[in-house]
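Please find my comments on the model below. They are arranged as numbered points.

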Amino acid sequence: MSKTLLRHAGLRAPLVLLAVLSMSRASAGYCPEDCSEPAPAPVNVYSHTTAGYLSPATSGALTRVYVPNRSSNSISVIDTVALKEVDRFPVGSRPQHVVPSWDLKTLWVANNGTGKNGSLTPIDPTTGKPGKQIAVDDPYNIYFMPDGSAAIIVDEARKQLDLRDPQTLALKSIIPTPTCPGINHADFSVDNSYAIFTCEYGDGGLAKIDLKNQKVLGHLDLSKMGMPQDIRLSPDGKVFYVADMSKNGVWVVDPKSMRKVGFIPTGAGAHGLYVSRDSRYLYVSNRMEGSVSVISFATRKVVHKWRIPGGGSPDMGGVSADGKVLWLTGRYNAEVYAISTSNGRLLARIPVGNGPHGLCVYPQPGRYSLGHTGVFR
């Protein structure tokens, strides 16, 4: 009897020991088949700009499209439901873009004048009415530091970026950009450490700006006699897309190495770039041929081309909050186009002032504005 008990105990001991070892290995993170780290979640820099993701800061804002009429020195206000101009008021000399403030509470009209008589006109988005004009040197465009600490005034005439207080607009510092003639549009890296600005004149190129140390990190020449315009970061944050008006297409640029990694032909006068609300597509306005090309981010190829019936000059604009309508100015036709994003059908052709340029659709989804007519994060 005693021998039988000992025999069974001897059989159980190794089994008990194996169970204990198994438990200790499991508690220590033991993985007999796959010890690799779990894959990181996919990056989408536009995850907070999807349809319906409106910030509480935009509460009470009228749903409107604000159109700067550069040659008429005025702003046209369009009701997006009635699809017609419902107001027009004077602003400063040569208004170029209407820009949402970082905190989403003000719309700034950038009146860049002649380089000497520039100004900014504030618009209250809850009333659609302008406030008192503020004198600012040559504000061709406006961007904001990602933390909201400063407004970045694109001083095109002086080849520099003027950092100003976002509320008082008092000058804080200047970033010289001597190698970037016609400094123009911009977008920001996925980690917000730098921005890339387009240089429209000369041979056309890009300037990479270190935002923390406020200096130029590098420059890229795109092509001989190029004219880069708008620029957008890909949803995964890996490349920038740059519209080149003289080359009739869009460059794909690796920002780390500052080199070109592709080119996508779109149409004559490629100008404005706008991301769809689902982050799948990039809308490209081809100003000189009256069309819009739709680029798939997944394939980096044009998947659709929408032509404006009877022709036109689609320039700059934005996507409606629900993602259903692409709004663009007709630069040479004194009109604004409302285009369905589902099939490219022209929904409306609305007369405005002369030389309409960087219109702003408001409100738009996002936590804060990085500037231009709708660079939100």
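1. Basis. This is a predicted model, in which local features need pLDDT of at least 70, side-chain atom pairs count only at pLDDT 80 or more, and totals for chains, interfaces and linings use all residues. Residues are numbered from 1 along each chain as its sequence is written, and side-chain values use heavy atoms, with hydrogens and water left out.

2. Aromatic pairs. Six aromatic pairs are present in the structure. Rings of Phe, Tyr and Trp (its six-membered ring) pair if their centres lie within 6.5 Å; planes under 30 degrees apart count as stacked, over 60 as edge-to-face and the rest as tilted. For Y143 and F197 the ring centres are 5.7 Å apart and the planes stand at 80°, so this pair is edge-to-face. Because Y143 belongs to strand β9 (residues 139–144) and F197 to strand β14 (residues 194–199), the pair ties together parts that are 54 residues apart in sequence. Helices (H or I, at least four residues) and strands (E, at least two) are DSSP runs, numbered from the N terminus.

3. Setting of that pair. Y143 has 0% relative accessibility and so counts as buried; F197, at 0%, is buried too. Buried means under 20% relative accessible area, exposed over 50%, and partly exposed in between (1.4 Å probe, protein chains only). Y143, F188 and F197 make up one aromatic cluster.

4. Charges over rings. The charged end of K208 sits over the ring of Y194, 4.4 Å from the ring centre. K260 lies over the face of W251, at 4.7 Å from the centre of the ring. The criterion is NZ of Lys or CZ of Arg within 6 Å of the ring centre and within 35 degrees of the ring normal.

5. T373. Where is T373 found? T373 is in the segment after β29 (360–362), and is buried, with a relative accessible area of 0%. A polar atom of the T373 side chain lies 3.0 Å from the backbone oxygen of G317. Leaving aside neighbours within four places in sequence, T373 is in contact (heavy atoms within 4.5 Å) with residues including H97, Y274, G317 and C360.

6. T50. This residue is found in the loop between α1 (2–27) and β1 (64–69). T50 is partly exposed, with a relative accessible area of 27%. Not counting residues up to four places away in sequence, T50 touches R277 and P365. The C-alpha atoms of T50 and S276 are separated by 8.4 Å, although the two residues are 226 residues apart along the chain.

Notes: A polar contact is a pair of N or O atoms within 3.5 Å; within protein, one must be able to donate a hydrogen and the other to accept it, and residues adjacent in sequence count only if both atoms are side-chain atoms.
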